[in-house]
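Student: Please give me a close look at how the two chains meet. Then take in the backbone and helix packing.

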Amino acid sequence: MGKLFQAIRSSQIWRSIFRHGYPDTPRNRTLAVLSNTFLHLHPVKVRRSGIRLSYTWCMGGLTFFLFLVETLTGLLLMFYYRPTAEYAYQDIWALREHVPIGIMREMHRWAAHLMVITVWLHMYRVFLTGSYKPPREFNWNVGVILLVLTLLLSFTGYLLPWDQLAVWAITVGSNMARATPFLGHEGPGASLLSFGGLNFIHAGDDARFGLLAGRFVGEGALLRFYVLHCVGLPLIAAALMAIHFWRVRKDGGISGPL
Amino acid sequence: MGELIKDAIDWLFDPIRYFVGSALILGVVFYWRKFFSRNIVIATFFVGFTAFMLWAPSDPDFKKIITKPDNVPIIILITTVIFFTWLAMRQGVINDERAKEGKPSIEGELGKKKVFTWPDLVYTEFICLVLFTAVLIAWSILIEAPIEEPAATARTPNPSKAPWYFLGLQEMLVYFDPWIAGVVLPSFIIVGLMAIPYLDTNPKGNGYYTIEQRPFAILFFWSGFILFWVSFVILGTFLRGPNWSFFGPFEYWDIHKLEPLVNVNLSTYFWVDALGKPLPENALLREAPGIALILGYFFVLPPLLGKTMLRGLVEKMGIARFNVFMQLLLWFGLLPLKMLARWVFNLKYFIGIPEWFFNV
């Protein structure tokens, strides 16, 4: 058995993938982190104080983990789901009725709820440890944008089941856009943007119309939210996450006393 | 006995008592943090909370709200926020004690030592990953994701609620028009959060838990996050029923519950009640007292405070930082002020110009 492992480890294939031995020496532990695309977002060494659970609460890492869960389960859901008013609701029912071990939608939904909570708690921890202070000001800002993106991801996903809960939650949520100052047709200042009695801002072109691709939550909104939910927002979030993790490393790893 | 407790809880959970009570609890916990950071306190809380959650669903009205699948996260939110607040407070208290004795913080003492990411950090991450995968699978098997009737734009459910994480904003709609509650205040929340590192010039408390070295920052964030965000989410989820009326946790969601709306504009108070005149025709003249009040609040108050009470702060922060900070703080303060004015004077709007959708 030992010989077999030895043979595998010394084979050309193995050595082409892993450029270091088993990570039990300082040299190999360093190489394990540095030569791995994903692990190298971590610094090689971290503060002993920083990695205690009572300090970090693990919330940032969990948020990232939940994002990965969402990506995976979301991908599987996309196989079964068509974002049209005709099929969306039926497809969600079919997921429950016809797909064996159909817990993907459950996992997707519960992980999404959990992700909102973990991202809030992550921000809470970072604030309470003063980890937004120099030199981490910029990364806090990236984090705030990621928090908003998490909420937007959750919000766009909320519409997709196309049931009463979804449609009316999005209606309530997007009604606010109607009141955007200057850009919503029921917002203050919108009536000032007119020329010769002709209003530039009305129900057919205001901020809410842009959001929903229509005057109410309809098929246009469904497609728009679907594309944002599955492609647009995750891409932006992924790019910002890369920056966020990289900056954690560049700004001195997990925060600790200066 | 059970009914008496239920009635007492329902009585306690009316908007004013709920909000003022939460604020008081936060203040008490902050002031007596040494006591509240003990192990026994959090243990008592969790025992009490578990006992309550086991007993309360015997009430059909309570059960109806609590067993909605989408409300499970709110229970997680309540328990985790309370637990982690306690945990942070405990470490803050310990570090403050150590600072008084001239010792470095726990983080400071351990921080000098550095360990390898592999295995120390990677293992923690891996265990968390496995644990949470298991939790998610169990949760997904046990509770089915909700699916209601198919979308029908002609049939409005009552109440229509936004997703739970936006219920804080929906709750603000009780006090403000959508342009403030739904657009201006959320924008200022985001801008304000992003401005925090540039406004907080206190170099202390960077990378370790402490309360005494930054009491204002902690209190500020507590009130923003716990009082005006998390507690509003809880309120919106559990205590707002049909017509957005307020219901106690054990109250039946009666669709016909009427809450008399007798809210009055500031202009009416000023012209009709105080001066005994009819409301002026001209909107600007009519709303002049409210406009003066709001302009004074935003543009006279900051320099006045900067010259007097907050002089030290201006010197410490610089005039530019101070003004940005004051504007953000005053927008934040507008919410409790409006709530208070609503409760005490039944005030509808400080400035009410519905002709231009400009109501404050």
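**The chain contact**

Tutor: R47(A) stands opposite K114(B) in β1(B). This is a predicted model: local features need pLDDT of at least 70, side-chain atom pairs count only at pLDDT 80 or more, and totals for chains, interfaces and linings use all residues. Residues are numbered from 1 along each chain as its sequence is written, while chains are lettered from A and ligands numbered from 1 in the order in which they are written.

Back to the strands. β1(A) and β1 (residues 114-116) of chain B run antiparallel, joined by 3 bridges. Strands pair if DSSP finds at least two bridges between them. Strands are DSSP runs of E, at least two residues; helices are runs of H or I, at least four; both are numbered from the N terminus.

Now the whole contact. Chain A puts in 81 residues and chain B 73. Contact requires C-beta atoms, placed from the backbone, within 7 Å. On the chain A side, elements giving two or more residues include β1 (45-47), α5 (59-80), α7 and α8. α7(A) gives the most, with 14 residues. By class, the chain A side has 50 nonpolar, 19 polar and 12 charged residues. Ala, Val, Leu, Ile, Met, Phe, Trp, Tyr, Cys and Pro count as nonpolar; Asp, Glu, Lys and Arg as charged; the others, Gly among them, as polar.

Next, the backbone. Most peptide bonds are trans, and most residues other than glycine have a negative phi. P134(A) and P135(A) are joined by a cis bond, omega about 5°. P135(A) lies in the loop between α7 (104-128) and α8 (137-159) of chain A. W162(A), not a glycine, has a positive phi of about 60°. W162(A) sits in the loop between α8 and α9 (164-175) of chain A. W162(A) is buried, with 25 other C-beta atoms within 10 Å. Buried takes 20 or more such atoms, exposed 12 or fewer, partly exposed lies in between; C-beta atoms are placed from the backbone. In chain B, a cis bond joins W118(B) and P119(B), with omega about 15°. P119(B) is in helix α8 (residues 117-142) of chain B.

Last, helix packing. Y297(B), F298(B), L301(B), P302(B) and G306(B) in α14(B) meet F322(B), N323(B), M326(B), Q327(B) and L330(B) in α16(B). These residues divide into 7 nonpolar, 3 polar and no charged.

Definitions and conventions
Two residues are in contact if their C-beta atoms, placed from the backbone, lie within 7 Å.
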